[in-house]
Amino acid sequence: MANPNLAGVEIRIDELKKSTPWFWAWVSTFVILLVIAGYAYVLQLRNGLAVTGLHDAFPWGLYIQNFMYFVGLSAGGLVTYASIQLFGAKKFEPIARIAVLQAFVCNLLAALFIIPDIGIPWRAYQFITSPNPQATLFWDATILNLYLVLCVIDLYVMITGKGGHSLEFKLTLISFPAAVGVHTVTAWILSFAKTRELWHSALMAPLFLSSAMASGIALLILIGMALRYFAKMKLPDDMFFTLGKVLGTVVFVDLFFLFVEIMTTFWPPSRTPGHATRLGLLLWGPYAKFFVPELTVFGALPFFLLLFPKTRRKVWTLATACVLIVIGIFLKRFALLAMGFGVSVLGPFDASYLPTVPEVAITAGIWALGILIFTMAVKLLPMESAPHGENATQASDNGHEDVPAAALQAEATTHV
Amino acid sequence: MANSSEKERAGDVSRRDFLKAAGLTVGGIALGAFPMLSAFAAEENGGPLAETAEGPQGEGHEFAFDPNPVYYAKPAPAHTKWAMVIDVKACVGCRKCAWACVSENNIGRDSGFTYIQLLEMEAGKIELETANPYYTEGGDPGKWYMPVQCMHCDDPPCVLNCPVRATRKEADGLVIQDYRKCIGCRACMINCPYHARHFNWKKPVIPAKEINRNPAVPIRPTGVVEKCTFCIHRIRDGKAETRCTEVCPVRARKFGNVLDPKSEVAQMLKNRRLLFRLKEELGTEPNIYYVG
């Protein structure tokens, strides 16, 4: 039976029919998580956000932490793709579609994490009917949705090959600034809050971007490795190693920014009690158990793993570094919230926060949805970036592509 | 005028007479009062008082007011700018204001917040990081007490940061919350420097016989943000006194229209020397003045 064709995109139903029981076990695990999350969300709608661990002194928690984390993962994915288009990083060509798919799915999840966080979500239409252009949140919602659409268009153009590389290039000229922009504006939600001393720092946006790139590239490497193993996708080792090199640089920049922030806070002539008390919570206070590992085990250690060629150019050490970074940036997002809320703006109100079971269930459900969408997209859509005949010729016509990715892949298969 | 207190309190008459006499020196220039007091607040030296006729916002504050009145209260009166003066020398930290406010404003008894917070601080220090919001007794002579609530800022970060314009500034200076528009994103809580905004994490629970049946005090739904209204249901209804002002046993709180030079608040701002506004360095232009 022929596969259905949706607006020029072949949906490979036959692939689904060939799937192993393991695949269905994988899928149903996440469907179950999704159902549990649905129940938890009904519970939250019925009883209010009191079912979460949030309170007035700690008003944003796990949901917003995830929102910021996924915006980062998304931006990281798209920046990798953009580097192919804009900076001629042709080595990354085989993973281009995966990178854009990651950008799309992560961005979708980021948007979804806003929904359980807001008290009365069905009133959100007012973002359109009654917008406030001075509010950072309004701009964040705008650019988030714009970027989501751009990701879909990017992906569509890549898969169908319509418009060729020339269109891909032009689209990247829009979606790259959007990817940077979505993260910058997300950082501004925090850094434009002039009342929260540690957030109100111009370094926040660059710090967000470096963390975004670090976590995004690390996740991309992990997804690539998983797809190579499970989906038999042809991805060369060398590409991973080069991505690892980029990742190492980004992690260094990220740690440097943190270092600058810590120095500014604690160096005696620069020290102010408001800053020092709050950052102190993260370094030796109740949040140290998240933040100190973030700096060491999940920060410095992966950096050194990526620094030395011996460990960088080995699949398992590279993967270890990536796992550490992906976890580390997640912890860092929590540290970021704790930085703002740990001591209330009006003194030491009780600001302890621990996510509750419904909150974790809803979070897990949204993660599960993302994994499901990603799995299905990889299964049903042509995600391997081996250029089709038409695509390849157009590419060389436009002069953006010298070596077809297929050649790289062929080379890689001989290595593996 | 709506704000001049009808009921004279025994023991306060001589003071009021004095204030009235002082008020006559600038009497009749209602609109000039606020620029003067802001000049006073800035210089803290009580220099020559400029008598200019400016709008209710005074110098440098041009805030776009929403023309629609909030649906649950009467529209804002003209030539009025509400402000509160809190005498921290008098305040003993008994929290009567905070509790009276809870019952006056239909705050859920189980909701975990009050509009008014009281901070106990070491004498001679204004250091919020080391303040104690959880003291039990109050009245400690070695400490001082600072009540904090919504400051109804002239440049309110909450209004600037509400993505859907569910909170806004009205012409009489009140920052009001529209419970029908609020989506509960809590961006205002993130941005408020005074911890004055509170979210209804759960359905407010109030014993039936304790509910304030005034229709201008709606019981809020779950999932919206609320805050001190300066008792909008009272002050827009001719009573120039908030509940917290009324119950304060030491009369540490004064409330009124600063544009009326005869009002108690205008007088206090003119005559009291030690005066600060909490976190005014953030540019929020708060409308609660602390005097000592």
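1. I'd start with chain B, where helix α8 (residues 264-271) lies across β1, β8 and β10 (288-291), running at about 110° to β8(B). Bear in mind while you look that this is a predicted model.

2. In chain B, 4 strands form an open sheet, and going across it the order reads β8-β1-β10-β9, with mixed pairing. Its edge strands are β8 (253-257) and β9 (275-276) of chain B, each of which pairs on one side only.

3. Over to chain A and a helix pair. Helix α9 (residues 237-266) and helix α13 (residues 315-341) of chain A pack with their axes 11 Å apart, at an angle of about 40°. Angles from 65 to 115 degrees would count as roughly perpendicular and those under 35 as roughly parallel; α9(A) and α13(A) are therefore oblique to each other. As for handedness, α9(A) passes α13(A) in a left-handed crossing.

4. Which residues make that helix contact? From α9(A) come Asp237(A), Phe240(A), Gly244(A) and Val251(A), and they meet Val315(A), Leu318(A) and Ile325(A) of α13(A). Sorted by class, the contact of α9(A) with α13(A) has 5 nonpolar, 1 polar and 1 charged residues.

5. Now for where the two chains touch. The contact draws 38 residues from chain A and 40 residues from chain B. On the chain A side, the elements giving two or more residues are α5 (126-129), α6 (136-160) and α10 (273-283). Of these, α6(A) gives the most, with 4 residues.

6. Finally, a word on confidence. Chain A averages a pLDDT of 88, and 92% of its residues score at least 70. The stretch to watch is residues 387-416 of chain A, where pLDDT stays under 50. For that stretch the model has 47 contacts beyond four places in sequence. Where pLDDT is low, the predicted coordinates should not be read in detail.

Technical notes
Residues numbered from 1 in each chain as written. Chains lettered and ligands numbered in written order. Predicted model: local features only at pLDDT ≥ 70, side-chain atom pairs only at ≥ 80, totals over all residues. Contact = placed C-beta atoms within 7 Å. Axes fitted to C-alpha atoms, helices over the stretch in contact; angles between N-to-C directions. Parallel < 35°, antiparallel > 145°, perpendicular 65-115°, else oblique. Left-handed = near helix turned anticlockwise from the far one by under 90°. Nonpolar A, V, L, I, M, F, W, Y, C, P; charged D, E, K, R; others polar. Pairing = 2+ DSSP bridges. pLDDT = per-residue confidence, 0-100.
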